[in-house]
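Trainee: May we examine the covalent and aromatic contacts of the model together?

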Amino acid sequence: PPKVWASGTWYYMEASAPPPAATPPLLPVPTTIPTPTPGRTPTSVSARRPCSPADLTLAVGEFDFAMGARLASIRASNRSGSACYLDGFATVRLLQGGKPLDLTIATTSSEQPGMEIDGHATRVGIAPGHAARLLMYWRGYSQAADTTTPQTLEVLLRPGVAAVPLEVPRPLFDLIDGGELRVGNWLPTA
């Protein structure tokens, strides 16, 4: 079942990884960063440092409205000069007119949003000039929701860094107090 946190709280999920095996010998740092080949399925690259808000251009986009089920994405494009990584799930908070909506925030799978399947909290390395994305899923409230007051989505990449406020483009999230927003895991993207 999905993990659920109380509305209005910030949460963070650690990426799960098996314990490391014996320490490998230190190898020289590569002088070039491997990048995904155009036309192929995007893959994660090796990265030695977490992404900071200054490394990324974050944007809300790709809204999809179908029969009550809604999807929107967050795209994180690496504009720095070196690879960096994102872990697991971002933490989000939706504000309308500057006030937080009272939502239940849960996790979902970016591969199968809306299914009763949690995403896998994995590490995604992003090469310079490349991106990762996550999907957000909710059941829309259509006309019961305020679709005229501007919205801001605050995105927290990890604890200890400032949340990044993103202006939500139209169409807005058609959510109301008491609604649920499921946040998917980060995935590499083209």
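Mentor: A disulfide, meaning a pair of cysteine sulfur atoms within 2.5 Å, joins Cys-51 to Cys-84 at an S to S distance of 2.1 Å. This is a predicted model, in which local features need pLDDT of at least 70, side-chain atom pairs count only at pLDDT 80 or more, and totals for chains, interfaces and linings use all residues. Residues are numbered from 1 along each chain as its sequence is written, and side-chain values use heavy atoms, with hydrogens and water left out.

Trainee: How many residues apart in sequence are the parts that Cys-51 and Cys-84 tie together?

Mentor: Strands are DSSP runs (E, at least two residues), numbered from the N terminus. Cys-51 lies in the loop between β1 (4-5) and β2 (56-66), whereas Cys-84 belongs to strand β4 (residues 84-87), so the parts tied together are apart in sequence by 33 residues.

Trainee: Is Cys-84 buried or exposed?

Mentor: Buried means under 20% relative accessible area, exposed over 50%, and partly exposed in between (1.4 Å probe, protein chains only). Cys-84 has 0% relative accessibility, and therefore counts as buried.

Trainee: How do the rings of Phe-63 and Trp-138 pair?

Mentor: Rings of Phe, Tyr and Trp (its six-membered ring) pair if their centres lie within 6.5 Å; planes under 30 degrees apart count as stacked, over 60 as edge-to-face and the rest as tilted. The centres of Phe-63 and Trp-138 are 6.1 Å apart and their planes stand at 80°, so the pair is edge-to-face.

Conventions:
Helices (H or I, at least four residues) and strands (E, at least two) are DSSP runs, numbered from the N terminus.
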